[in-house]
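Dear colleague,

Please find below the structure that I am handing over to you. My notes on it follow directly after.

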Amino acid sequence: MPSHPVPYRLRATDRLPETADLVVVGAGIVGCATAFRAARAGLRTVVVDARPRPATLTTAAATGAFRLQFDNAEEVALVREGVELYSDFAVRAGLPGYDVGLRPQGYLFCARDDDGAARQRELVARQHAFGLTDVELLDGDEVRRRFPYVADSVVSGRFRAGDGFIDQVGLAWGYALAASGGPGVERPPGAAEATFVLGQRVSGLRIVGGRIVAVETHDGAIAAPIVVLATGPFLARTAGLAGLDVPIAPTRRQKVIVADAAEVPHDAPMTIDEATGAHWRPALGGAYVLLTEASTARSDAAWSVPTSADYAFRLLDPASADAVAHVAPFWADVWERGVSWVLHAGQYEYTPDHRPIVGPTPVDGLWLNGGWSGHGVMGSGGGSRLLIDAITGGFSGPDWGLRGDGPDGQPFRLDRPMNVGRHDVL
Ligand SMILES: Cc1cc2nc3c(=O)[nH]c(=O)nc-3n(C[C@H](O)[C@H](O)[C@H](O)COP(=O)(O)OP(=O)(O)OC[C@H]3O[C@@H](n4cnc5c(N)ncnc54)[C@H](O)[C@@H]3O)c2cc1C
């Protein structure tokens, strides 16, 4: 577990502040990152969350992995910006000694048949064409030369060494601590502070003349001209408080935590079976093991997401079609000798095109930062910078058409055409 020598403390209050320059609703990783960027931009920020601690809903369930291996240049740029921040987080966040547990051990996508290999060739060619030139296309023998645990049945792999993992809860807390600016935090000139109000559910959004003026909770209201909704799987519900219809489909995703398995190479990359979507990465003394299926039915947003024992059997029993043993046979040994695990479930919040919603709404002053599906950890740094730049009129990176009818196709705005049927389910 990453540690930090300085006992940083989050500035939280039980008393609802009367006013703020900006209110963030939601203290998952996306809300914390938004607060960090907002406070750095000089906005007096209040973060309100229904739960008693930050980063305890979807963020806690995540695998903590990041990759640039996307199928489009915009998401590559967004995540690249975040990874640059995470790589130098203690300095850039002003938290000397703070460790976000960055482990750039790579992402290895494995194909087990010729069709899969052809798809890999086509995608890597496209990635190279839009500038992601450090993705390597490997034949099966080269995959096994570099990663000897990989099965003979793997015929091709695509690999990027700079992808990897991070402690996502530590990162979320890092954003929150840096934003709240308590003792020991180094704040640049002009930065403001963020105050956290925890255990308070936002139950209303007050709108006057088409403009947001306050958020309401059971205990009262906070007046603010700018409100950002970062409520993860609850985004459609909270945006509904303003009469907005936001297309979010919360979809259960589970993580099998095998805390102790010496067979797992601790320096392995995230290893993905592209035929099934089964994947694992080293974690703790073993691995996190997951399956991301396009066919999982959507559900309602949930405060507590139930797990299902069958899910672990599908992944760990070598007889199952989805077993991780098909790509990494040592998992059959783990199964054979007997192993214990626990399950943790959360929800992806899919948009119809599986891209995030970062931008304005038809209500003046009300902004969204959500719909991150499986990418909210890796996208938090870049997406929040983009949003706060758009709010303040600053410009510290590409704006992707967020501020108008730019040439970029506005890939993250709520009012973009959202094409159904993209296949990047991970
Ligand atoms: C199994 C799994 C694995 C994943 N793996 C990865 C990965 O490897 N890499 C990656 O980048 N992403 C991954 N993700 C996705 C990632 O976890 C999410 O995109 C990210 O955590 C979303 O963060 P968030 O802050 O938007 O949402 P959340 O963490 O869910 O936070 C939302 C917050 O809003 C609060 N809230 C909701 N409604 C209200 C209200 N009315 N009033 C006040 N507060 C409210 C909630 O209490 C909560 O704290 C994974 C997700 C799952 C489920």
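In this predicted model, strand 14 (residues 270-273) and strand 15 (residues 278-283) run antiparallel and are joined by 2 bridges. Within this pair, Thr-271 stands opposite Trp-280 in strand 15.

Both strands belong to an open sheet of 8 strands with mixed pairing, in the order 5-6-4-14-15-16-13-17. Strand 5 and strand 17 (342-350) are at the edges; each has a single partner strand, so one side of each lacks a neighbour in the sheet. On average, neighbouring strands of this sheet are turned by 20° against each other, direction ignored.

Helix 5 lies across strand 4, strand 5 and strand 6, and runs at about 30° to strand 6. Helix 9 (residues 309-316) also packs on the sheet, where it touches strand 13 (249-258), strand 15, strand 16 (286-291) and strand 17. The direction of helix 9 makes about 105° with that of strand 16.

Helix 5 (residues 114-129) has 16 residues, which at 1.5 Å a residue should span 22 Å; the end C-alpha atoms are 23 Å apart, in agreement with this. Which residues of helix 5 are buried? They are Ala-117, Gln-120, Val-124 and Gln-127. Seen down the helix axis, these buried residues fall within an arc of 85°, so they line one face of helix 5. They pack against strand 4 (107-111), strand 5 (136-139) and strand 6 (156-160). The face turned away from the buried side carries exposed residues, including Asp-114, Asp-115 and Glu-122. After helix 5 comes Gly-131, with a positive phi near 105°.

Yours sincerely

Terms used: Residues numbered from 1 in each chain as written. Predicted model: local features only at pLDDT ≥ 70, side-chain atom pairs only at ≥ 80, totals over all residues. Helix = DSSP H or I, 4+ residues; strand = E, 2+ residues; numbered from the N terminus. Expected span 1.5 Å × (residues − 1). Buried ≥ 20, exposed ≤ 12 C-beta atoms within 10 Å, placed from the backbone. Arc of directions from axis to C-beta. Contact = placed C-beta atoms within 7 Å. Pairing = 2+ DSSP bridges. Axes fitted to C-alpha atoms, helices over the stretch in contact; angles between N-to-C directions.
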